[in-house]
Amino acid sequence: MASDSSASSLLARRYAARWRMRLRDNALLLAVALTAVALLAGLSGQIAAGLVGALAVLAAALAPRTGAAKQVVKTSATTAAPSDLPSGQELAAAIADPLIVCDRHGVVLFANAAASLVFGRIHPSELIALRFRSPEMQDLIGAAIAGHSVQPVDYGERVPIERSFKVSVTPIGADGRFALHFRDQSETRRIDRMRADFIANASHELRTPLASISGFIETLRGPARNDAEARERFLQIMHTQTGRMARLIDDLLSLSRLEMKPLAGAGTAVDLVALTRQVTDSLGQMIRDNEMALTLDLPAEPVRVLVNADEIVQVVENLVENACKYGQSGKQLHIALSTDAEEASLSVRDHGPGIPAEHIPRVTERFYRVDVETSRVQKGTGLGLAIVKHILTRHKGRLTIRSTPGEGATFTLHLPLAKDPTTR
Ligand SMILES: Nc1ncnc2c1ncn2[C@@H]1O[C@H](COP(=O)(O)OP(=O)(O)OP(=O)(O)O)[C@@H](O)[C@H]1O
Ligand SMILES: [Mg+2]
């Protein structure tokens with residue numbers, strides 16, 4: 001019962017509020033109409049007719065609004081006052097893509113800041129067709145001036161940097177003006193090219209051992225069918241090739257896992273001194289097989305970094321393996337760890353042939369090898385340093401490479417030191 005009465009009083013209050021609002025909204029109309037009715041009633045001496053008229057006006061004022069009237073209320077609720085609205089030029093300036101507006105003769109009326117930044121200063125009153133001379137752009141501009149609708153076209157700039165755009169035309173108003181909108185596609189193109197290169201490289205790397213294996217299978221089924229010695233030798237080669245394919249697939253999976261998570265988690269406090277010893281111990285046989293003399297220059301105190309230990313082991317292993325594989329002729333392997341206030345630096349130095357300067361910026365690219373044949377002989381996939389770079393970036397670290405051809409190469413990894421004193 002109590003809830004019934006409170007619900008009905010709430011309803012009554014709501015209606016009263018709504019009527020008050022309608023009366024307020026129509027106050028002027030109401031005043032004018034009531035005055036007119038009163039005047040007419042007074043003039044004609046018919047009080048009753050006057051009263052009926054006044055009630056009719058009041059009812060009309062209280063009646064809910066419909067149709068157009070409602071829409072006006074809605075529109076005014078969502079649109080700012082005209083003085084607050086941005087001008088067309090302000091809107092165009094706020095667009096990050098280049099935008100150029102022309103009149104119906106193709107004369108520039110306006111170019112936004114992004115257009116001037118990319119294409120150099122574009123002056124009002126210059127002819128747009130003289131600025132963009134490629135056949136596709138000439139066709140597009142010609143069609144825009146003729147008032148025809150056209151499909152977007154591709155347009156590329158090579159200087160100062162290579163960029164590519166999808167250009168579309170939009171008519172403005174009814175007097176033939178039009179806007180040219182340039183959507184930057186450079187990044188998408190670059191990623192597409194990288195993906196295509198990557199797939200081509202990966203397939204090529206897999207196809208080589210596969211071709212070798214299938215060649216040996218043919219030989220074993222044919223001419224070498226009854227040659228036990230040849231069979232043994234070929235099976236050994238096939239075994240090596242499948243190992244190479246497995247390594248390549250492991251490296252590819254490792255790279256793809258790293259790319260899925262560009263930043264490493266919090267990590268655990270790891271002592272780089274102990275980690276370096278662990279790697280040189282586990283690669284001891286390889287160092288000895290390559291007859292290299294190892295010098296370790298490590299601090300007596302632990303050097304703590306917050307990292308994923310397995311990943312950093314992978315980094316150091318690849319650097320030491322590379323020094324053994326490519327710097328083996330120098331016979332010396334020098335590993336040193338030092339710190340400054342911010343970071344730890346672990347360098348792996350060999351005295352082999354080194355790396356010519358022009359190759360240094362590229363050796364961390366996937367599949368990049370200075371000498372493909374040497375790397376193949378060494379069973380390299382060309383992915384090791386790409387993985388190293390990825391792992392270090394994930395840990396907010398970096399890799400520096402220094403080399404004097406003929407005197408060897410130094411690869412140094414830099415990692416931020418653990419800040420928390422409790423981890424020291
Ligand atoms: N210490 C070094 N001295 C000379 N060249 C090197 C050295 N380390 C790397 N390189 C060159 O850089 C290339 C890329 O090295 P990276 O470690 O990425 O691949 P890889 O060793 O060939 O294969 P993976 O590491 O996957 O087994 C090598 O093929 C080699 O040409
Ligand atoms: Mg390597």
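Reader: What's the make-up of the shell around ligand 1, by class?
Author: In this predicted model, the shell around ligand 1 is made up of nine nonpolar, nine polar and four charged residues.

Reader: And which of those residues come nearest to the ligand?
Author: There are 22 residues around ligand 1, and those that come nearest are Asn322, Val370, Gly380, Gly384 and Leu385. Two elements, H13 and H15, each give two or more residues to this shell, and H13 supplies the largest share, with four residues.

Reader: Staying with H15, is that helix mostly covered or mostly open?
Author: H15 is mostly covered, with nine of its 11 residues buried. Gly384 and Leu385 are among these buried residues, as are Lys389 and His390, and Gly384 and Leu385 also belong to the residues that come nearest to ligand 1.

Reader: What covers it?
Author: The cover over the buried residues of H15 includes helix H10 (228-260), H13, strand S11 (398-404) and S12. Just after H15, lysine 396 has a positive phi of about 55 degrees.

Reader: Now the largest nonpolar core: which members touch the most others?
Author: That core holds 37 residues, and the ones touching the most other members are Leu272, Val305, Val315, Val316, Leu319, Val320 and Val388. Several elements supply at least two residues each, including helix H11 (272-282), helix H13 (309-326), helix H15 (384-394) and strand S12 (408-416), and H13 gives the most, with seven residues.

Reader: What does valine 315 contact, if I ignore its close sequence neighbours?
Author: Leaving aside neighbours within four places in sequence, valine 315 is in contact with Val388, Ile391, Leu392 and Leu413. Another core lies apart from the largest one, with 18 residues that include Ala111, Ile141, Phe165 and Val167.

Reader: Changing topic, in what order do the strands of the five-stranded open sheet run?
Author: The order is S2-S1-S5-S4-S3, and the pairing is antiparallel. Strand S2 (108-111) and strand S3 (153-157) are the edge strands, each pairing on one side only, while the twist averages 25 degrees from one strand to the next.

Reader: How many bridges link S4 and S5?
Author: Strand S4 (residues 163-172) and strand S5 (residues 177-184) pair over eight bridges in the antiparallel sense, and lysine 166 has arginine 183, in S5, as its bridge partner.

Reader: Which helix lies across S3, S4 and S5, and at what angle to S3?
Author: Helix H8 (residues 135-145) lies across those strands, S3, S4 and S5, and runs at about 130 degrees to S3.

Terms used. Residues numbered from 1 in each chain as written. Chains lettered and ligands numbered in written order. Predicted model: local features only at pLDDT ≥ 70, side-chain atom pairs only at ≥ 80, totals over all residues. Core = buried A, V, L, I, M, F, W, Y, C linked by C-beta atoms within 7 Å. Buried ≥ 20, exposed ≤ 12 C-beta atoms within 10 Å, placed from the backbone. Contact = placed C-beta atoms within 7 Å. Near = placed C-beta within 6 Å. Nonpolar A, V, L, I, M, F, W, Y, C, P; charged D, E, K, R; others polar. Pairing = 2+ DSSP bridges. Axes fitted to C-alpha atoms, helices over the stretch in contact; angles between N-to-C directions.
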